[in-house]
Amino acid sequence: MKHLIIDEAKCIGCGLCKQVCIRDNIEIVDGKAVDIESNCFDCGQCSTLCPTNAITIKAYDNDNEEIEDYNPDSIPVSYDDMLQFYKQRRTCRWFKDEKISQETFDKLMKGAYYSPNRQNIQDVEFVVVDEKMPEFIDHIYSIISAKEDEFFRIKQVGEYLRDENHDPKRHPLLWEGQQLLLAFSENKTDAVIAMTRIELLAYSLGLGGFHSLFIGMADEVDNKELMKFFPEIDSAKHMYAAFVIGIPRVKYRRTRPHKEIKLHYM
Ligand SMILES: Cc1cc2nc3c(=O)[nH]c(=O)nc-3n(C[C@H](O)[C@H](O)[C@H](O)COP(=O)(O)O)c2cc1C
C-alpha cells in the first residue's frame with residue numbers, strides 16, 4: 001500500500017527524499033520520486049525536507065493545517081534563552097486552590113503531540129486525575145503499601161489516609177496538588193519524553209508541579225492491579241510518568257546549584 005501522495009508536477013527529482021528514507025520506500029524513476037510500497041512508517045522525513053513540498057503523507061491527509069512552513073535557518077529559541085528557561089524551572093509542590101482548565105490541558109497535550117517516539121507509533125496517552133483523586137490515591141496506596149517497610153514516605157501515606165484529622169494541605173503524595181497528569185505507553189522512554197515536554201510547556205504557561213516517584217512506583221509493584229483503575233486504556237500499557245500539576249502559589253526567586261553532571265567520552 002502506498003503511504004505517500006507524490007505530486008509529480010511539483011517533484012523536481014532531486015532525490016533528497018530517497019536519501020533520507022530509512023525504510024527504502026522511495027525510488028527516483030524517470031526523474032520523479034515514486035513510493036515503491038516498501039515499509040513506510042509515516043515518519044515524514046521526506047515530506048518535511050522536500051524543497052518543493054511535493055509529498056503528502058496519506059495517513060495525515062486531513063491534518064494539513066498542522067503543516068507549517070518555517071525558515072530552516074532560523075532556530076526559534078536561543079541557547080541562552082532555553083538554558084535560562086531550564087534554570088528557572090523548579091519542582092513546585094505548593095499550589096493555589098484554583099484548578100487547571102480542560103482548555104489548558106489541551107494546550108499542554110501539544111508537548112506530547114510534537115514528541116519523538118519509537119517507530120512513530122505515537123501510543124502515549126494521558127489521564128488527568130481530578131475528581132477521582134481520593135479513590136485513585138487509595139488504589140495507589142493499596143499497591144505500594146507492599147513497600148512501606150522500605151520507604152518511610154509510603155508508611156506515612158497509610159497513616160495520613162487513616163487519620164481523619166489529616167491536614168489536607170500536607171498530603172505526603174500530593175502536597176498541595178489536586179490534579180495529576182499520568183502518561184501511559186508500552187515504552188517508558190516515549191512516555192517520559194512526552195511528559196517532560198509537557199512539564200516544560202506547563203512552566204511556560206506559569207504552571208508548575210512535580211514528578212511523583214511513589215505514584216509511579218505502583219506500576220512497578222503491580223502494573224496489572226494498577227491498570228484496573230483505567231479500563232479505557234490498553235492493559236498492555238504502563239503508567240510510566242506521574243506529574244502532580246497545579247497553579248503555583250509560591251514564586252521561586254533564584255536558581256540553585258546542582259551536582260556536576262558526569263560526562264564520559266569513550
Ligand atoms: C522521577 C522523579 C520522581 C520524583 N518524585 C518526587 C516525589 O515523589 N515527591 C516529590 O515531592 N518530589 C518528587 N520529585 C521532585 C524532586 O524531588 C526534584 O526534582 C528534586 O528535588 C530537584 O529539584 P528541582 O526539580 O527543583 O530541580 C521527583 C522528581 C523526579 C524526576
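User: What should be kept in mind about the numbering and the confidence limits?

Analyst: Residues are numbered from 1 along each chain as its sequence is written, and side-chain values use heavy atoms, with hydrogens and water left out. The model is predicted, so local features need pLDDT of at least 70 and side-chain atom pairs count only at pLDDT 80 or more, whereas totals for chains, interfaces and linings use all residues.

User: What makes the pairing of the H139 side chain with the backbone oxygen of E225 a polar contact?

Analyst: A polar contact is a pair of N or O atoms within 3.5 Å; within protein, one must be able to donate a hydrogen and the other to accept it, and residues adjacent in sequence count only if both atoms are side-chain atoms. The side chain of H139 reaches the backbone oxygen of E225 at 2.9 Å, so the distance meets the cut-off of 3.5 Å.

User: Which residues are around the ligand, and how do you know that they belong there?

Analyst: The criterion is that a residue is near a molecule or strand if one of its heavy atoms lies within 4 Å of it. The residues around the ligand are R89, R90, T91, R93, W175, F210, H211, S212, L213, F214, R256 and H258. By class, this shell divides into four nonpolar, four polar and four charged residues, where Ala, Val, Leu, Ile, Met, Phe, Trp, Tyr, Cys and Pro count as nonpolar, Asp, Glu, Lys and Arg as charged, and the others, Gly among them, as polar.

User: What distances separate the side chains of R89, T91 and W175 from oxygen atoms of the ligand?

Analyst: A polar side-chain atom of R89 lies 3.1 Å from an oxygen atom of the ligand, a polar side-chain atom of T91 lies 2.5 Å from one, and for W175 the distance from an N or O atom in the side chain is 3.4 Å. On its own the ligand has 620 Å² of accessible area, of which the protein covers 61%; accessible areas come from the Shrake-Rupley method with a 1.4 Å probe, and for residues only the protein chains shown count as cover. The elements that give two or more residues to the shell are β7 and α8 (213-227).

User: Why is G216 assigned its burial class?

Analyst: G216 is at 14% relative accessibility and so counts as buried. This residue is found in helix α8, and its C-alpha atom is 9.7 Å from that of H238, although G216 and H238 are 22 residues apart in sequence.

User: Why do E37 and N53 fall into their accessibility class, and which class does E68 fall into?

Analyst: E37 is at 40% relative accessibility and so counts as partly exposed, and N53 is partly exposed because its relative accessible area is 39%. E68, in the loop between β4 and α3, has a relative accessible area of 63% and is therefore exposed.

How values were computed:
Helices (H or I, at least four residues) and strands (E, at least two) are DSSP runs, numbered from the N terminus. Buried means under 20% relative accessible area, exposed over 50%, partly exposed in between (1.4 Å probe, protein chains only).
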